[in-house]
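I opened this notebook to record what I looked up about how the chain folds. The entries go from the chain as a whole to its sheets and then to pairs of helices.

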Amino acid sequence: RDLLVRSQTGSGKTLAYALPLVEKLHSIRPKITRDCGILAVVIVSTRELAIQTYELFLKLVKPFTWIVPGALMGGERRKAEKARLRKGINILVGTPGRLVDHLLHTESFKLSKAKFLVLDEADRLLEMGYERDVKQIVEGIDKQRTEDAKEGGTPEPLQRMLLSATLTSAVQKLAGLTLNDPIYIDNSDEDPTKAIKTTEGYNKETIEAVTADVLDGEDSTGILTIPENLKLSYVVVAPKLRLVTLSGLLAHEFRNKDKFKALIFMSTMEMVNFHHDLLNEQLTQKILDEEDEELAKEESDDDSDEPLLKGLRFFRLHGSMSQTERQGVFKGFRECKSGVLLATDVVGRGIDVPEIDLVVQYSPPQKTADFVHRVGRTARAGRNGRAVLFLTPSEVQFVRYLENKRIRISQADMDEYLKALNEADDEANTVQEAASNLQHKFQELIADDKEMHDKACKAFVSWTKFYTTFPKELKPIFNVKNAHMGHFAKSFGLKEQPTSFVKKHTMPKPALPTNRLTYTERDPEKIKLERKARKHRFGTTVTGAVRNLNRPEPNRLAKMIPTSRVLTISEFDSGLPSSKKRKH
């Protein structure tokens with residue numbers, strides 16, 4: 001029977017299918033050899049996962065030397081892979097793109113004898129856009145088996161298995177394409193007694209009944225589970241203390257660590273750009289503008305204060321960056337020992353940076369799926385991880401909303417993060433003083449730098465627009481009418497009231513040029529008046545009828561020639577009257 005298994009990442013599902021697979025193959029008599037060809041195909045989403053799975057199979061088949069595992073993946077030499085295929089592989093682990101490549105271009109890539117087909121991390125395969133490749137591989141296997149049967153062979157029954165961390169409608173669709181009447185096994189519930197009630201697993205109707213209310217709604221995330229090694233927490237912060245609390249959180253987590261990596265999610269591109277520049281200049285004293293470098297050096301001689309986050313690098317990533325810039329950011333963030341990546345939801349899915357210690361959701365997510373994918377960037381492959389969600393007092397009901405979606409989250413203490421600011425500030429006696437001092441420094445930096453001030457204003461305006469776009473079910477929680485705009489402006493380091501600058505940064509686009517060669521009138525009222533004026537200009541005063549402008553006019557010059565007198569005057573003429581008298 002085919003299988004559809006739902007189990008969270010890191011729960012041991014690779015071993016769960018690898019062990020019985022090896023058990024089945026080694027029990028075949030007579031013993032299988034290289035010449036038997038590919039008997040099991042395992043499709044995984046990434047090269048790293050392919051290597052990891054291949055190494056697991058190597059350990060499992062160590063006592064059974066006649067079983068040969070192999071791996072095919074992008075980045076390797078095709079010639080070497082073709083040689084290995086010709087030599088013979090029994091268990092094949094590969095990524096979809098390279099498997100399709102060999103399916104189309106390698107004659108020795110025969111899958112007609114395959115007994116097992118495994119799709120690991122099916123939801124990840126779909127996220128990375130491999131649905132078409134997977135479908136092509138499955139169709140290729142079926143085609144080769146059909147052709148083998150026509151030639152007189154008897155193809156072995158093919159057992160298919162699909163494993164996924166979430167049971168979404170897309171995964172169900174993929175299961176419909178690849179599986180035939182599968183058994184559903186659910187291993188992701190918190191209570192194991194509820195997860196697997198029978199040895200046969202869940203039937204199709206039970207799973208669909210559980211997920212129907214989720215799959216039919218707007219938030220089609222399926223049944224979601226959070227790994228046990230991921231600690232979720234939220235911190236309730238007054239709007240005007242958000243910026244200093246974020247600084248305190250980073251200082252608290254980075255303190256006394258050789259390595260530290262964090263990912264901070266923000267709602268808009270303008271917010272990412274502004275916070276990247278501000279935190280870099282104030283907390284690490286990294287100068288971003290070359291013109292200010294000499295001035296900064298002079299000031300640093302007088303000011304002996306050590307930056308709060310010395311040695312920590314800040315990176316930014318959003319959808320408006322070019323692919324080259326993105327690759328440079330990823331490379332820099334992966335290679336650095338300690339770094340913070342500020343990003344929009346463009347990296348909420350698919351990013352695979354190892355050893356991220358902390359995920360901060362500085363802007364709240366608009367969907368439950370976004371929340372799960374954001375926090376899923378940490379606590380990967382069995383490692384521990386932390387995720388912190390920033391909420392204001394008016395947004396606390398969002399915690400209850402998450403609990404209704406089976407996501408449990410604990411509260412953290414804001415003062416614990418602010419203590420790190422107090423320890424780093426020699427002038428402050430209390431936590432409140434330290435927070436106030438840092439906020440004052442942020443405000444002074446923005447007030448003295450016109451470019452930074454403009455970025456802060458744009459970031460605030462973009463945040464207000466984002467705050468008005470929450471879905472209907474979250475509108476009561478994230479209501480712009482309940483937000484204190486003056487306090488939120490302080491979280492962007494702005495001293496003045498929003499009314500003094502919002503209008504400037506939300507003004508409509510400047511008017512188009514009125515050059516008569518390039519300008520086309522777009523105002524309907526002006527167009528109407530212009531037509532009326534044109535009609536009056538070319539109309540008759542008696543009847544008001546429009547003149548026929550296409551009627552040829554008489555040649556008036558030809559009529560005037562006989563009666564006119566032509567005067568020819570040389571440029572060297574004296575200008576005096578002629579001495580000759582005109583004859584009459």
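**Entry 1: the whole chain.** The model is predicted, so local features need pLDDT of at least 70 and side-chain atom pairs count only at pLDDT 80 or more, while totals for chains, interfaces and linings use all residues. Residues are numbered from 1 along each chain as its sequence is written, and side-chain values use heavy atoms, with hydrogens and water left out. I then noted that 74% of the contacts in the chain with a separation of 6 or more come from residues 24 or more positions apart, a contact being heavy atoms within 4.5 Å. The chain has 22 helices and 14 strands, which are DSSP runs numbered from the N terminus (helices H or I, at least four residues; strands E, at least two).

**Entry 2: the sheet with S1 to S7.** I traced an open sheet of seven strands in the order S3-S4-S2-S5-S6-S1-S7, with parallel pairing; two strands pair if DSSP finds at least two bridges between them. Its edge strands are S3 (69-72) and S7 (183-186), each of which pairs on one side only. From one strand to the next, the twist averages 15°. Within this sheet, S5 (residues 116-119) and S6 (residues 159-164) run parallel and are joined by four bridges, and leucine 117 stands opposite arginine 160 in S6. Helix H6 (residues 131-150) packs on the sheet, where it touches S2 (40-43), S5 and S6, and its direction makes about 175° with that of S5; such angles run from 0 to 180 degrees between N-to-C directions, with axes fitted as lines to C-alpha atoms, for helices over the stretch in contact.

**Entry 3: the sheet with S8 to S14.** I found seven strands in an open sheet with parallel pairing, in the order S10-S11-S9-S12-S13-S8-S14. S10 (313-317) and S14 (410-411) stand at the edges with a single partner strand each, so one side of each has no neighbour in the sheet. Six bridges join the parallel strands S9 (residues 260-265) and S11 (residues 338-343), with lysine 261 opposite glycine 339 in S11. Helix H11 (residues 269-284) packs on this sheet, touching S10 and S11, and its direction makes about 175° with that of S10. Helix H14 (residues 368-375) also packs on the sheet, touching S8 (230-236), S9, S12 (358-361) and S13 (385-391), at about 150° to the direction of S12.

**Entry 4: two helix pairs.** How do H4 and H6 pack? Helix H4 (residues 96-105) meets H6 at an angle of about 35°, with their axes 9 Å apart. Residues in this contact include Leu99, Val100 and Leu103 of H4 and Ile137 and Gly140 of H6.

At which angle do H10 and H17 pack? For helix H10 (residues 242-254) and helix H17 (residues 431-448) the angle is about 110°, and their axes are 9 Å apart. The two are therefore roughly perpendicular to each other, a term that covers angles of 65 to 115 degrees. Leu243, Val244 and Ser247 in H10 meet Ala435, Leu438, Gln439 and Phe442 in H17.

Methods:
Angles under 35 degrees count as roughly parallel, over 145 as roughly antiparallel, 65 to 115 as roughly perpendicular and the rest as oblique.
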